[in-house]
Amino acid sequence: MPTHSFILNGKQVRVDCSDDLRLLWVLRDLLGVHGPKYGCGLDVCKACTCHINGKAFNPCSVPVGDIQPTDQITTIEGLPDTVGQPLHPMQQSWLKYDVAQCGYCQPGQIMAAVALVNELKARGAQITDADLDSLRNICRCGTYPRIREAVVEAAANM
Amino acid sequence: MPDLEVGDVRARANGISRRRFIGYLIAAPTLVAAADLTAAPPASASVPTVQPVDFYDLTDLLTDAANLTAALITVTINSDGTASFALPRAEVGQGITTAVAMVIADELGLPLGRVNISLSDARPELEFNQLTGGSNSMHVLYDQVRIAAAIARGQLARTAAKQLETPAPKLMLKDGMVTAPDGTSLSYGSLARAAAAPRTRAVLAQLKPASQQTLVGTPQPRIDALEIVTGNKQFAMDLEVPGALPTMVCRPPTINGTALAILNETQVKAMDGVTDIAIIPHTQWVPGGVAVRASTFGQCIDAIRALQVQWAPGAAAGKSDADVLRDLISAELPMTPALGQALDQRFTFYFRPGDPLETNCAVADVRPGSAEIWSAMKSPIYFQETVAQILGLPVSSVTAHVTQGGGSFGRHLFADAAFEAAAISKAMGKPVKLMWHRTDNFRQGRVHPMCTSRVQVTYLGSNVLTFDQRHTSVATDFTHGLGEILSATLADLPEGDYLGYSQSVFTLTANVPYNFGPVTQLLNEVYHPPGSLFNTSSVRNIYSPEVTVAKELMVDRVAKAMGQDPYQFRRSFLRDSRMLAVLDTAAKAANWGKPMAPLTAQGIGLHHEYKGYAACVAEIDCTPQTVNRTVENGYTGPRVTKVTYAVDVGLPINPLGLEAQMIGGIMDGIAQALTYSLHLQNGYFLEGSWDNAYYTREWNCPPNNLPSEGIQVIIMPPNQSEPGGAGEFGVAASMAAVANAYTRATGTMPTSFPINHNQPLGFTPLPTVPPIPQSPTDGLQESF
């Protein structure tokens, strides 16, 4: 069984499993990291959104064999450490607007929103309705309007 | 203490408002108190004249049933100064834990953060009082938990009075401290043991008047918000139950098919990580198929895709949308013969998924003499009692834990995953962590039944003479009864479901809020018993969205026929001042009648249910540049650009949570009117992913439109002493408003919903064999 290694929330981890096992199951089933949620396993619902080297991606659709030992994987659990705060500004904004309902999709929503804002900031762009429209994460509770408000506010604080 | 007086929880029925109730101090190590609401007479069951719901509705039914065991609902004061309450309801995102914590904290005089709410295991002794449904939880629990908390507060005061040698009425109970006039004080925690009752006895509760409530009616964020945003909220699949390995089921290519044989068991069992394979026959309770247990869910997916299974088809094999529609139309009850000018229209509402974002899932550990199951269950008593029978165990040997649910939307009224997990665990003799694949969740999970709703309105001059509605639906499954096995058994009898539940629920919810002369609204159903062809449930929500859309579209049409404005027409025919108030409020805030560009328009929808009133004004943009927007693998179409929603729920407990529920309901209303359905073809649903079933996405959501808001929810001030329902109350009025806005923008009244259902399919259906698709491998190319 091949050994895979990568940096998970700042710590080097090792796991023995086949190359083609999707990273979501490595995180959830083998490493016990439960922030990223299963919603479809098809790279559609985006509930499992995490970051790889600062960019949003969906571990349900990435074989662990494609992950390099130097890759930095960040889940919702590791997000605050990326800014050295108890909570990331996006999480603060989520609390301010009381965005969540059931909460199942929200870790993925937050991770996607952080990547979107970071990408806009890197380009020096202001967030627009079109940018918010580009977020594909499903929220079946329908929290979209509060998500939009929270992302706009966090963008001003990031 | 005040003189003896037994309160009357049905004060609303006889117009008397009282604030004193009887309840119990329960013998326990620390202070435990409960309510007694059985002394109250039933609600006034006056003879219905025009509309039964004017006198007794579904909320009353559920409340009267639940109150029979109110005395078993207890609030406990702990020695650490906290209060605990094991909520006999499911939390699926509706915010019931937060609202109940607010009520308890207010009544006790404790900071909100010191009230701990857990979800109660199934407690069969609660009978009808552990069903989460009908948007009824807050309505029924408001009195129950307040009384229990008030009794605890009274007992704390009596105990402190002795210790402080001060008469109880002179003590102040606030922020978890009992303080005497001289400033000496005792904490609730220090009093908890001394206040404990050595034996259970009845005592009086004096509730705080509304003027002394500091939390009820104020906006409070969810008590689990921090857990959610940090990823620490635990759902069923996050539990670490020893030995419970990932388990999934290979499902049949038709709805309710059953597995006959596995053709390559040896090869699949040898696959990486696979520990067990078992045929799980389809039954009334268990969807079934071939179960696979493995070290990871990824290996379950691989094994399911490799399985070769011989299937027997389900009873719906071969059926498509058009067949069901034909059967519905033939079952439609006759319309009252029309006298004079009549408008008559039938509307079709296609099947709709009941999918929450968390798929059906459960953990089960079934052993020879006991069983323990974890799942987000809204009828855990029914599950516990029924699964005990199936497993051949005494009810007391089955523990049913209610986990936090990742949404519900009617899906969790039935414990399908819990039944299935128990069956698999028994068959394999090992604990299992069962999770449904999303594709199965769409294709085999419970759906909102397809239905038609035909409306006939007769009118003369500027008067509506009659209004008749014939609702015909694929049978809605109510075999969960009132959440326990006795009423569920009644629902299970031949025709019992239809006569006892469907018809009752329809009669107790359908209504016409207008003075339209003689009104008839009748239901008929096809495909009995429920579950025989299609797996249905009260998917957010039962009949109201469809009944209301058909009704409100025809209201607009009559208004047009009379040459009247939709808003003014409604004003002149409404028969309830609270409905009029929400309509006026929404119309004013939305600036009803403002000039709109071509192919854009406003529309109105009204709805009365759950002791509440709602009015929605939606604005839609049907211009080509909006309709023809392209989103990769997404459906765009007309966009709702603004929604104004005025809601009167009597007594709002948590306006922030109530607003959230309305926003969610509006997102559902938009989806149900425009995009969200299932296509039935040859015995299975074509949709298999969220890119096929078009629930509202960000690109369908009203844009922020800064500085104004895309969504404005206006909560009417409290106007009665009790809360109505909220969980589903945002759906019907918004769906109707969107439908009316679309009609006014395009000049064409849609007659089937969602409006895009009969357009060319916007996706390539996934195969049915193997039943689930493999996960992609190119996720890194999509990163941003």
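## A tour of chains A and B

Select B:Asn682, found in the loop between strand S28 (680-681) and strand S29 (684-685) of chain B. This is a predicted model. B:Asn682 is not a glycine, yet its phi is positive, about 55°. Its relative accessibility is 46%, so B:Asn682 counts as partly exposed. Most residues other than glycine have a negative phi.

**Stop 1**

Move to A:Asp43. This residue sits in the loop between helix H1 (23-30) and strand S3 (50-52) of chain A. Its phi is also positive, about 60°, although A:Asp43 is not a glycine. Is A:Asp43 buried or exposed? A:Asp43 counts as buried, because its relative accessibility is 13% and the cut-off for buried is under 20%.

**Stop 2: a helix pair in chain A**

Stay in chain A and select helix H2 (residues 89-96) and helix H5 (residues 144-157). The two pack at an angle of about 140°, with their axes 8 Å apart. H2(A) and H5(A) are therefore oblique to each other. The crossing of H2(A) past H5(A) is right-handed. Now show side chains.

**Stop 3: the five-stranded sheet of chain B**

Go back to chain B. Five strands form an open sheet here, in the order S24-S23-S22-S15-S31, with mixed pairing. Strand S24 (519-526) and strand S31 (752-753) of chain B are at the edges; each has a single partner strand, so one side of each is left without a neighbour in the sheet. Zoom in on strand S15 (residues 341-349) of chain B, which runs parallel to S31(B) and is joined to it by two bridges. Look for B:Thr348, which stands opposite B:Ser752 in S31(B).

Helix H9 (residues 321-331) of chain B lies across S15, strand S22 (451-460), strand S23 (463-474) and S24 of chain B. H9(B) runs at about 130° to S23(B). Helix H15 (residues 544-561) of chain B lies across S15, S22, S23, S24 and S31 of chain B. The angle between H15(B) and S15(B) is about 145°.

**Stop 4: two cis peptide bonds**

Select B:His528 and B:Pro529, which are joined by a cis peptide bond with omega of about -10°. B:Pro529 lies in the loop between S24 and H15 of chain B. Then select B:Phe753 and B:Pro754; a cis peptide bond joins these too, with omega of about -5°. B:Pro754 is in the segment after S31 of chain B. Most peptide bonds are trans.

**Stop 5: an enclosed strand**

Select strand S18 (residues 371-375) of chain B. Four of its five residues are buried, so S18(B) is largely enclosed by the rest of the structure. What pairs with S18(B) in the antiparallel sense? Strand S17 (residues 361-366) of chain B does, over four bridges. A hairpin of four residues leads from S17(B) to S18(B). B:Ala364 has B:Ile373 in S18(B) as its bridge partner. S18(B) also runs parallel to strand S19 (residues 398-402) of chain B, joined by five bridges. There, B:Trp374 stands opposite B:His401 in S19(B).

**Stop 6: a four-stranded sheet**

Further along chain B, select S25, S26, S27 and S30. They form an open sheet in the order S25-S26-S27-S30, with mixed pairing. Strand S25 (600-609) and strand S30 (711-715) of chain B are the edge strands, each pairing on one side only. On average, neighbouring strands of this sheet are turned by 10° against each other, direction ignored. S25(B) and strand S26 (residues 612-621) of chain B pair in the antiparallel sense over 10 bridges. In that pair, B:His607 stands opposite B:Ala614 in S26(B).

**Stop 7: the nonpolar cores**

The largest nonpolar core has 165 residues. Those with the most contacts inside it are A:Phe6, B:Phe351, B:Phe516 and B:Phe534. Another core, of 63 residues, lies apart from it; B:Ala33, B:Ala66, B:Ile96 and B:Leu110 are among them.

**Last stop: B:Met177**

Finish at B:Met177, in strand S7 (residues 177-179) of chain B. B:Met177 is partly exposed, with a relative accessible area of 30%. Leaving aside neighbours within four places in sequence, B:Met177 is in contact with B:Met172, B:Ser185, B:Leu186, B:Ser187 and B:Tyr188.

Technical notes
Residues are numbered from 1 along each chain as its sequence is written. Chains are lettered from A and ligands numbered from 1 in the order in which they are written. This is a predicted model: local features need pLDDT of at least 70, side-chain atom pairs count only at pLDDT 80 or more; totals for chains, interfaces and linings use all residues. Side-chain values use heavy atoms; hydrogens and water are left out. Two strands pair if DSSP finds at least two bridges between them. Contact means heavy atoms within 4.5 Å. Axes are lines fitted to C-alpha atoms, for helices over the stretch in contact, and angles run from 0 to 180 degrees between N-to-C directions. A nonpolar core is a set of buried Ala, Val, Leu, Ile, Met, Phe, Trp, Tyr and Cys residues joined through side-chain atoms within 4.5 Å. Buried means under 20% relative accessible area, exposed over 50%, partly exposed in between (1.4 Å probe, protein chains only). Angles under 35 degrees count as roughly parallel, over 145 as roughly antiparallel, 65 to 115 as roughly perpendicular and the rest as oblique. A crossing is left-handed if the near helix is turned anticlockwise from the far one by less than a right angle, and right-handed if clockwise.
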